[in-house]
Amino acid sequence: MALRIMRSTSAIIALGLLVLLAPAADAQQRRTDEQREARLDLRNGNVRSLREIEARVLPTKRGMQYLGPEYDPTAMAYRLKFIQDGRVVFVDVDARTGQILGESH
């Protein structure tokens, strides 16, 4: 009886871990796909490099902590994420031209 309870408990814990880890794996796969698309677009000369985009945008966001980029291959745009005083700010940048498209808080 005790062995059956332990097996059931172990199975429930394993299932719970799978449920918790699945979204993290999906998010990691999306980031990997975004990076692959960004590299292909850069290699094909369709977009500017992330370093160039960051060099252009980061100096305009003094006092903000830079959290990192995301790339949208459909829109050919980078979304740079910043935080300041507990408020998250997204800066959307055209990856082809480097021009800031907009900001959202």
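1. A contact means that heavy atoms lie within 4.5 Å. Among contacts in the protein chain between residues at least 6 apart in sequence, 36% join residues at least 24 apart.

2. This is a predicted model, in which local features need pLDDT of at least 70 and side-chain atom pairs count only at pLDDT 80 or more, while totals for chains, interfaces and linings use all residues. Residues are numbered from 1 along each chain as its sequence is written, and side-chain values use heavy atoms, with hydrogens and water left out.

3. The protein chain holds two helices and four strands, in the order α-α-β-β-β-β from the N terminus. Helices (H or I, at least four residues) and strands (E, at least two) are DSSP runs, numbered from the N terminus.

4. Two strands pair if DSSP finds at least two bridges between them. Strand 1 (residues 65–72) and strand 2 (residues 77–84) run antiparallel and are joined by seven bridges; in one of these, D72 has A77 as its partner. The two strands form a hairpin with four residues between them, and M76 in the turn has a positive phi of about 50°.

5. Strand 2 also pairs with strand 3 (residues 87–94), in the antiparallel sense and over eight bridges. Here F82 stands opposite V89. The hairpin of strand 2 and strand 3 has two residues between the strands, and D85 takes a positive phi near 55°.

6. Of the 105 residues of the protein chain, 22% count as buried. Buried means under 20% relative accessible area, exposed over 50%, and partly exposed in between (1.4 Å probe, protein chains only).

7. How many aromatic pairs are there? Rings of Phe, Tyr and Trp (its six-membered ring) pair if their centres lie within 6.5 Å; planes under 30 degrees apart count as stacked, over 60 as edge-to-face and the rest as tilted. By this rule the count is two aromatic pairs. In one of them, the ring centres of Y66 and F82 are 5.2 Å apart and the planes are at 40°, so the pair is tilted. This pair links Y66 in strand 1 with F82 in strand 2, 16 residues apart. Y66 is partly exposed, at 24% relative accessible area, whereas F82 is buried, at 1%.

8. The rings of Y71 and Y78 have centres 5.0 Å apart and planes at 50°, so this pair is tilted. Y71 is buried, with a relative accessible area of 5%, and Y78 counts as buried at 6%.
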